[in-house]
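Please take a look at the structure below. The notes that follow go through it by topic.

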2 protein chains.
Amino acid sequence: MPVPTGRRERKKAATRQKIADTALRLFLERGYDAVGIRDVAAEADVAVTTLFSHFASKEALVFEQDADFEHRLTRAVTGRAPHEPLIPALRHEIHALVRHCTADGAAPIWRMIEESPALRKYEESMRLRHAETLAAAIAADLGLPPTTTACRTIARFTIDAYTLAREAADPQAAVDEIFQMIEAAWQAATPTRPT
Amino acid sequence: MPVPTGRRERKKAATRQKIADTALRLFLERGYDAVGIRDVAAEADVAVTTLFSHFASKEALVFEQDADFEHRLTRAVTGRAPHEPLIPALRHEIHALVRHCTADGAAPIWRMIEESPALRKYEESMRLRHAETLAAAIAADLGLPPTTTACRTIARFTIDAYTLAREAADPQAAVDEIFQMIEAAWQAATPTRPT
DNA sequence: ACCGTAGCACTAACGGTTAGCTTTTTAGAA
DNA sequence: TTCTAAAAAGCTAACCGTTAGTGCTACGGT
């Protein structure tokens with residue numbers, strides 16, 4: 001039971017990685033809907049049940065890489081400099097995230113996601129979970145109860161900024177435009193304290 | 001092809017209604033996940049294929065009643081009085097919608113939705129579609145291109161207000177609180193014109 | 001009365017997902 | 001080293017939502 005220093009973990013991680021890589025490759029080659037779970041499992045040389053012990057669903061295979069999205073957002077809140085205001089910190093992080101996912105190399109993946117209703121639904125649901133986590137982080141940072149309406153609202157708005165900016169003609173400009181609105185909303189919510 | 005005044009339509013509508021009623025009853029009796037499509041079809045005395053010719057998915061059975069949500073929102077924009085400002089009109093409509101879905105009789109249904117991941121995902125996706133429609137209505141009303149970022153943003157924020165307020169301890173107060181933020185955001189987006 | 005078609009039924013399947021159970025591999029104790 | 005318990009992986013067979021293919025029946029317009 002002590003520190004599992006080990007081979008097990010490495011092998012497990014390797015299996016997981018192999019599955020994810022294989023899946024993404026096949027999806028991009030043949031299209032998401034045209035590739036079945038059984039195809040991915042066969043190509044990765046694992047059993048279907050093994051695949052599902054690593055990933056909760058077919059869609060989760062696609063969003064493997066996006067795993068640190070949630071963490072980066074909460075870190076932008078909890079790990080910012082002592083007197084740095086909240087909204088600009090969020091704006092800065094969303095800028096980086098949007099730049100990352102609109103980079104050249106990532107284009108085919110996001111096109112695939114846009115074209116598949118199942119993947120879109122999955123992402124939408126995932127982002128809302130991220131919003132809840134972010135809301136809790138914001139509330140904690142401000143010493144408020146975790147379900148404070150204003151915090152949940154700002155968290156949702158921030159996620160909205162990410163998804164809307166991604167689809168805009170000029171993503172970086174859209175982030176700035178939306179965050180001007182969020183800034184105003186935040187000040188309207190905390191009229192007494194310019195945090 | 002002229003006005004199909006008729007029995008066919010009535011029968012079709014009756015079948016659809018019977019399916020929806022049966023489904024909702026079974027879901028509330030035994031739980032959404034515990035009832036299969038085949039159960040619903042059998043109890044409503046129709047074939048499975050017939051059920052799917054009326055409803056696109058199992059989840060759609062639950063949101064039958066909620067069909068006019070989208071329409072009411074767009075009407076709140078396009079059908080408002082000549083010089084009535086946009087945001088208060090939206091706020092008023094969201095107030096009504098939240099009151100409607102937090103009414104006593106509707107409680108078990110919304111509890112069921114909250115408890116089922118599939119239903120939550122479906123609703124989230126549906127609301128985002130509504131947001132797109134609303135954004136287009138707002139843009140059209142203001143004579144702007146349908147993908148104007150500010151309009152899409154306000155539409156998303158409005159939908160956020162609906163879903164967040166529903167979950168708040170005091171839904172009506174939450175609507176007001178969030179709409180204060182939306183109002184500020186809107187003014188920040190249109191600094192030159194107080195529409 | 002006749003014809004075209006909309007609505008519905010039935011069977012059979014597909015694809016994602018899970019349950020049940022067996023086999024292999026590994027970590028740590030004896 | 002050898003043994004053991006548990007984690008990881010495997011296989012089979014199914015469940016469930018959903019769709020395709022096909023045919024039948026009843027209705028609406030002529």
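## A helix pair in chain A

In this predicted model, helix 6 of chain A crosses helix 10 of chain A in a right-handed sense. Helix 6 covers residues 86-101 and helix 10 covers residues 171-189. Their axes lie 10 Å apart, at an angle of about 155°. Angles over 145 degrees count as roughly antiparallel, so helix 6 of chain A is roughly antiparallel to helix 10 of chain A.

Which residues make the contact? Helix 6 of chain A brings I87(A), R91(A), I94(A), H95(A), V98(A) and R99(A). Helix 10 of chain A answers with P171(A), Q172(A), V175(A), F179(A), I182(A), E183(A) and W186(A). By class, the contact holds eight nonpolar, two polar and three charged residues.

## How the two chains relate

## The surface near DNA strand C

DNA strand C has 24 residues around it. R7(A), G36(A), S57(A), T15(B) and T50(B) come nearest. In chain A, helix 1 (7-30), helix 2 (37-44) and helix 3 (48-54) each give two or more residues to this surface.

Which element gives the largest share? Helix 1 of chain B does, with four residues. The surface near DNA strand C divides into seven nonpolar, nine polar and eight charged residues.

## The surface near DNA strand D

DNA strand D is surrounded by 22 residues. The closest are T50(A), G6(B), R7(B), G36(B) and S57(B). Chain A supplies at least two residues each from helix 1 and helix 3. Chain B supplies at least two each from helix 1, helix 2 (37-44) and helix 3.

Here helix 1 of chain A gives the most, with four residues. The classes near DNA strand D are seven nonpolar, eight polar and seven charged.

Helix 1 of chain B gives the largest share near DNA strand C, and helix 1 of chain A gives the most near DNA strand D. T50(B) is among the nearest residues to DNA strand C, while T50(A) is among the closest to DNA strand D.

How values were computed
Residues numbered from 1 in each chain as written. Chains lettered and ligands numbered in written order. Predicted model: local features only at pLDDT ≥ 70, side-chain atom pairs only at ≥ 80, totals over all residues. Axes fitted to C-alpha atoms, helices over the stretch in contact; angles between N-to-C directions. Parallel < 35°, antiparallel > 145°, perpendicular 65-115°, else oblique. Left-handed = near helix turned anticlockwise from the far one by under 90°. Contact = placed C-beta atoms within 7 Å. Nonpolar A, V, L, I, M, F, W, Y, C, P; charged D, E, K, R; others polar. Near = placed C-beta within 6 Å.
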